[in-house]
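The sequence and the structure come first.

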Amino acid sequence: MNIVYHQRTKTFHLYNDTLSYIMCVLENGHLGQLYCGRAIHDKEDFSYLLEKMPRPMSSYLYEGDRTFSLENIKQEYPVYGSTDYRHPAVEILQENGSRIMDFQYESHTITGGKPALAGLPATYTESDEEAATLQVTLRDKVTGIRLELLYTVFAEGGILARSARFVNEGTAPVHILNAMSLSLDLPDKDYVWMQLSGAWARERHVKNRPLEQGILAIDSMRGHSSHHHNPFMVLKRPSATEDSGTVLGFSLIYSGNFRIQAEVDTYDVTRITAGINPSCFDWKLEAGESFQTPEAVMVYSEEGLNGMSQTFHHLYQKRLARGYWRDRPRPILNNNWEATYFDFTEDRLVEIASKAKECGVELFVLDDGWFGARCSDRAGLGDWVANRDRLPQGISGLAERIEALGMKFGLWFEPEMVNKDSDLFRAHPDWILQTPDRSVSHGRYQYVLDFSRPEVVDGIYQMMAKILSESKISYIKWDMNRSITECYSAALPGDRQGEVFHRYILGLYDLYERLTSAFPHILFESCASGGARFDPGLLYYAPQGWASDDSDAVERLKIQYGTSMCYPISCIGSHVSVAPNHQVFRNTPLHTRANVAYFGTFGYELDLNKLTDEEIAQVKEQIQFMKEYRKILQFGTFYRLKSPFEGNETVWMTVSEDKKTALVGWYRVLNGVNMPYTRVRLQGLDPDLVYENVLSGTRHYGDELMHVGLITSDATSGEVVGDAKPSMDFDSRIYVLKAADEQ
Ligand code: DGJ
């Protein structure tokens, strides 16, 4: 068990080889935070870390004492208003109007493994040895509310997973206005805050800012985790790099409104909070009811950002994602969206699929436009029955034809949405989220179904399950193309409207759970206008997600680089699309489009019939290459070597588990003239193995490649002598390094 409890000092020490996390029960019964950092020896007493001292303008809990002020004590799940003036982890409104709470230690349990969180996605264990879980039970005597704080420390990697559960064991209802999943007080502010932010088509760009006294936060109030901010944040020491130094990553396993915040107080203590966004949140907890927060995961790394990312990748790939596809290399697909948009017939689809099959593609995906009256984005959403004008033999007929080609068939859904021009809306106009007596806003002419209502979720489940049982469908792309407005449910009373955003997400998770359980072999890919819900919550149900609607190779460098900070390569949906590109109208060479897309799930988002014979020959080679290396590309150990946010070149690489094969992706945006000599120092190789560079036939020891570097100089534009290949804008190479037989 990686958790020790010292009875005399009431101290908990959660640890593994990387991390120590130490807490104690304070004299007022609350939980105090003593240490979070590199693994240290266990001791009975760490109370010297409670630096209690009188501070001007502080208020104190005990008459006659001028040291015990919660404002000056580092805590684990703080409340506001009884000597602490910082933003709290929890706020509960009681019947008499008070918000003061006093959660005091009652008991604790330490168990092997990790319990599931009812109705919510969470990391899991497959044996009790993989992790240990501490549950600390606290109680507010006045309201009778029991608070259970869960802490799971994994046996390997600096991973700590946390959540909180409230049980109303009193007699009166209360309103939970804020319930963070994680709160952590760190003793200083010497960190750079890093976030993944952007917008539609430029999601998860890396942004850095130093911490300073005051509040820094990212959040979403759009009803989904959003393109704008990912529910992920890093605190890194200013000296930390990709390869070295102390880094703390915080990730929230949730797909709805969230907030991640750092508050640096006047004594340079940094309070991190992460959880459901308290804005617009108000959960009524009747006597006898309970409320579970989502899970937050903290990863501590002494090996820089790459070390942190590798820990997240491994955890999220193996112990968050689930099911048949979790460990399987992903099928190479051809999606028709950018090939046809809404303009297709059954024969045209089969024509696209046939060419894809000839090239070696394994899965054909029919995107938006196959159902109801969906000839544009103005109609049909909600009617999950095939449009017989376009698909005379229905989905089952088309699926048969695709399967007859020797490919699998996949289908697009947008289950949470409805157009007003649809049979579903005509039958159930009250099924959408809308506020009484107010106008209801649209996004892309569509309205959001009220997924907080079980009967709505069930209605959609029935329609989807029917199609999935009647047709040979191996893959689903689950889209969500607008943010929520006028959030109000006709099924809930006025004093429960603050629950709707969260209940919606619970309804979404419920539908995913029902479908993934009923159809366990279907591969689910999440999507929300590209990457608006690319979050760990959905990874629990869908092991891959469409990373962005921007399929341009150059734009993708930044998007995929940022995404890799937290998310495994096996979950990054990435396709080769046409040039000029449909989002930025840029002409990039076909080889670069593939070289970027290899570091993801890989597929084509175009009509291969429109390519020249020479291009088709290239596509065939690309598909062969991906089939040979996809296990390593998707499941190897990934290293970022050069950042697209810092210069003209991007380099990343992946290494197989046995370290015998490595693939290095090298990308240069603009070409230069008569450029300098360049080398890239690789990572993760076996220093004693000799690797053959398949491109050049040269051989080098792993230590040479890691410490001297891989030479990437080339004949850049200008004078190209002999048979040297001229270089170009948007150029790239994949270096394949294989352990040579003899050393
Ligand atoms: C947004 C998605 O991100 C696209 O890939 C495509 O599926 C469209 N929606 C279809 O409406």
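In what order do the four strands of the open sheet lie? The order is β1-β2-β3-β4, and the pairing is antiparallel. Strands are DSSP runs of E with at least two residues, numbered from the N terminus, and two of them pair if DSSP finds at least two bridges between them.

This is a predicted model, in which local features need pLDDT of at least 70, side-chain atom pairs count only at pLDDT 80 or more, and totals for chains, interfaces and linings use all residues. Residues are numbered from 1 along each chain as its sequence is written, and side-chain values use heavy atoms, with hydrogens and water left out.

Four bridges join β1 to β2 (residues 11-15) in the antiparallel sense. His6 has Thr11 of β2 as its bridge partner.

Ser727 counts as buried because its relative accessibility is 13%; buried means under 20% relative accessible area, exposed over 50% and partly exposed in between, with a 1.4 Å probe and protein chains only.

Leaving aside residues up to four places away in sequence, Ser727 touches Arg668, Asn671, Asp714, Ala715, Thr716 and Ser717, where contact means heavy atoms within 4.5 Å. Ile218 lies 509 residues from Ser727 in sequence and 41 Å from Ser727 in space, C-alpha to C-alpha.
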